[in-house]
Amino acid sequence: MPVLSFGTATFGGGNEFFKAWGSTQADEARRMVNLCLDAGVNLFDTANVYSKGMAEEILGKAIMGLRDRLLISTKATFPMSDEVNDFGSSRFNLIKSCEESLRRLGTDHIDIYHMHGFDANTPVEETLNALNALVQSGKVRYIACSNFSGWHLMKSLTVSERYGWSKYIAQQCYYSLLNRDFEWELMPLGIDQKIGTIVWSPLASGKLSGKYRRNQPAPPDARVAQGGSPIEAAPDDDKRLYNIVDVLDEIAGETDKTIAQVSLNWLLQRPTVDSIIIGARNEVQLKQNLETVGWNLTIDQVKRLDKVSEIRPTYPYWHQMQFPMLNATPELYAKS
């Protein structure tokens, strides 16, 4: 499992939302895949909903002849059309979605199959039984979840244990310096249940890339300006963002790295984080992001970023934090 994974939401540009991410086609995708493999990045993350299947198709073309050198992660659950059976985590939709993804990817198995979101209208038992059948059939190697709450994930783990079914081995979550909600519940759950974390949008839709600066207009060609951000902005995000970027600027100067590289390296040192998904509109961006590894921020630099990005947790976490003697607090800093 590489510490960096490559995300393919930039492949295809099949609608207005995903055009804001990118429109990479097969030839350039093939070059990016080879750049990743040369750098030791062998996990490629996609989803059926990315450009309504186009991203999977392009990835499938890009990896032809390379399948035994890499891992594929894809997802299901979100709507592929307005049809009533074309979304959710029912047995019907999961089996259909998995077979369609296999066809688009041009492979006979998926290494990590994610539930892209929690389906509250389908019994958890039905979902996990269907996923277990896909694992038993050899079409899926491992299952994981994405965008679950703590109780969603814990209930699923309990049901899998009760029936002896395959269980979620990882969670894919939004986590960044700009949004640290993940630390309140999902990180402690991951530590307790030994669930790994794959981070999506580690640069907060590009806001931590260095393009957003205090007293400067937001870049008009960025994903956020074009309506392609999946992240809801809080009213005070801009103030927090610029304070965080100021410290990132300082540390970038100290380390001779870019703001984006510092932001990504901070994530790699967090508990339960096994891999972060990097995306790129082009090969230049990809090469820059690949330089995130091979070095580490100092403990002092990590603490400075922690302090400037700190936010007050929601209830009941702020209440529980008043009683440190009752908490099994994650070890955020390596012992010197």
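Over the ring of which residue does the charged end of Lys 303 sit? The ring is that of Tyr 333, with the charged end of Lys 303 5.1 Å from its centre; a charge sits over a ring if NZ of Lys or CZ of Arg is within 6 Å of the ring centre and within 35 degrees of the ring normal. The model is predicted, with local features needing pLDDT of at least 70 and side-chain atom pairs counting only at pLDDT 80 or more, whereas totals for chains, interfaces and linings use all residues. Residues are numbered from 1 along each chain as its sequence is written, and side-chain values use heavy atoms, with hydrogens and water left out.

Eleven aromatic pairs were found in a search of the whole structure (rings of Phe, Tyr and Trp, the last by its six-membered ring, with centres within 6.5 Å; planes under 30 degrees apart count as stacked, over 60 as edge-to-face and the rest as tilted). One of them is the edge-to-face pair of Phe 6 and Phe 44, at 6.2 Å centre to centre and 70° between the planes. Because Phe 6 belongs to strand 1 (residues 4-7) and Phe 44 to strand 2 (residues 43-45), the pair ties together parts 38 residues apart in sequence. Helices (H or I, at least four residues) and strands (E, at least two) are DSSP runs, numbered from the N terminus. Both Phe 6 and Phe 44 are buried (under 20% relative accessible area, with exposed over 50% and partly exposed in between; 1.4 Å probe, protein chains only).

Phe 118 and Trp 151 form another edge-to-face pair, with 5.7 Å centre to centre and 65° between the planes. Phe 118 lies in the loop between strand 4 (110-115) and helix 5 (124-137), and Trp 151 in helix 6 (residues 150-163), 33 residues apart. Phe 118 is partly exposed at 22% relative accessibility, while Trp 151 is exposed at 52%. Together with Phe 148 and Tyr 168, Phe 118 and Trp 151 form one aromatic cluster.

The largest nonpolar core has 64 residues, of which Phe 6, Val 33, Leu 208 and Leu 305 touch the most other members. A nonpolar core is a set of buried Ala, Val, Leu, Ile, Met, Phe, Trp, Tyr and Cys residues joined through side-chain atoms within 4.5 Å. Helix 8 (residues 237-255) gives the most to this core, namely eight residues. Another core, apart from the largest one, has 24 residues, including Leu 102, Val 135, Ile 143 and Tyr 168.

Beyond its neighbours within four places in sequence, Leu 305 is in contact (heavy atoms within 4.5 Å) with residues including Leu 177, Arg 180, Val 247 and Trp 266. Ser 309, in helix 11 (residues 299-309), is buried at 0% relative accessibility.

Strand 7 (residues 196-200) is largely enclosed by the rest of the structure, because five of its five residues are buried. Gly 196, Ile 198 and Trp 200 point one way from strand 7, and Thr 197 and Val 199 the other way. Strand 7 runs parallel to strand 6 (residues 168-174), joined by five bridges (strands pair if DSSP finds at least two bridges between them). Within this pairing, Gln 171 has Thr 197 as its bridge partner. Strand 8 (residues 273-278) also runs parallel to strand 7, with three bridges, and Val 273 in strand 8 stands opposite Thr 197.
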